[in-house]
Amino acid sequence: MDFVETNNILSVLDNYMLESADNIALKLAQDFRNRRIEKNLTREQVAEHAQVAVSNIVRFEQKGLISLKNLIAIAMTLGYTSEVKNIFQTPKYSTMEELTQIRRNTGKKKAHKIK
């Protein structure tokens, strides 16, 4: 098995392993910490710039727990404003039926219960 094939398999396994909200939160926290360190920023520097308590950043990095507002603030501090802003911008679908439903509902202001 070559390097590319192994990476593809690992990528699929990573996506499979991230099924729970807790696992995704921990992965986000790990990625945040990695980006913070790559930029040579301390927790205190991020906290000051984002106007977030250092304790919130510590809790996020260690447990994956953070408020949405604080997550947005620290993401913006690291330059991820557009990624956060556009998280739900593009419709996602798994089947052609879902795509058809999305197209039918585009522009609507409310969802209605299916009878």
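How many salt bridges does a search of the whole structure find? It finds five, a salt bridge being a side-chain nitrogen of Lys or Arg within 4 Å of a carboxyl oxygen of Asp or Glu.

Two sentences on provenance. This is a predicted model, where local features need pLDDT of at least 70 and side-chain atom pairs count only at pLDDT 80 or more, while totals for chains, interfaces and linings use all residues. Residues are numbered from 1 along each chain as its sequence is written, and side-chain values use heavy atoms, with hydrogens and water left out.

Start with D31 and K27, whose closest N and O atoms are 2.8 Å apart. They sit four residues apart in helix α2, residues 21-38, so about one helical turn separates them. Helices here are DSSP runs of H or I, at least four residues, numbered from the N terminus. D31 is partly exposed at 25% relative accessible area, and K27 is partly exposed at 30%. For the cut-offs, buried is under 20%, exposed is over 50%, and partly exposed is in between, with a 1.4 Å probe and protein chains only.

Next, E38 and R35 form a salt bridge at 2.7 Å, N to O. These two are three residues apart in helix α2, so again about one helical turn. E38 is exposed at 56%.

Then R33 pairs with E61, at 3.9 Å between the closest N and O atoms. This pair links distant parts of the chain, 28 residues apart, with R33 in helix α2 and E61 in helix α4, residues 54-63. R33 is partly exposed at 38%, whereas E61 is buried at 11%.
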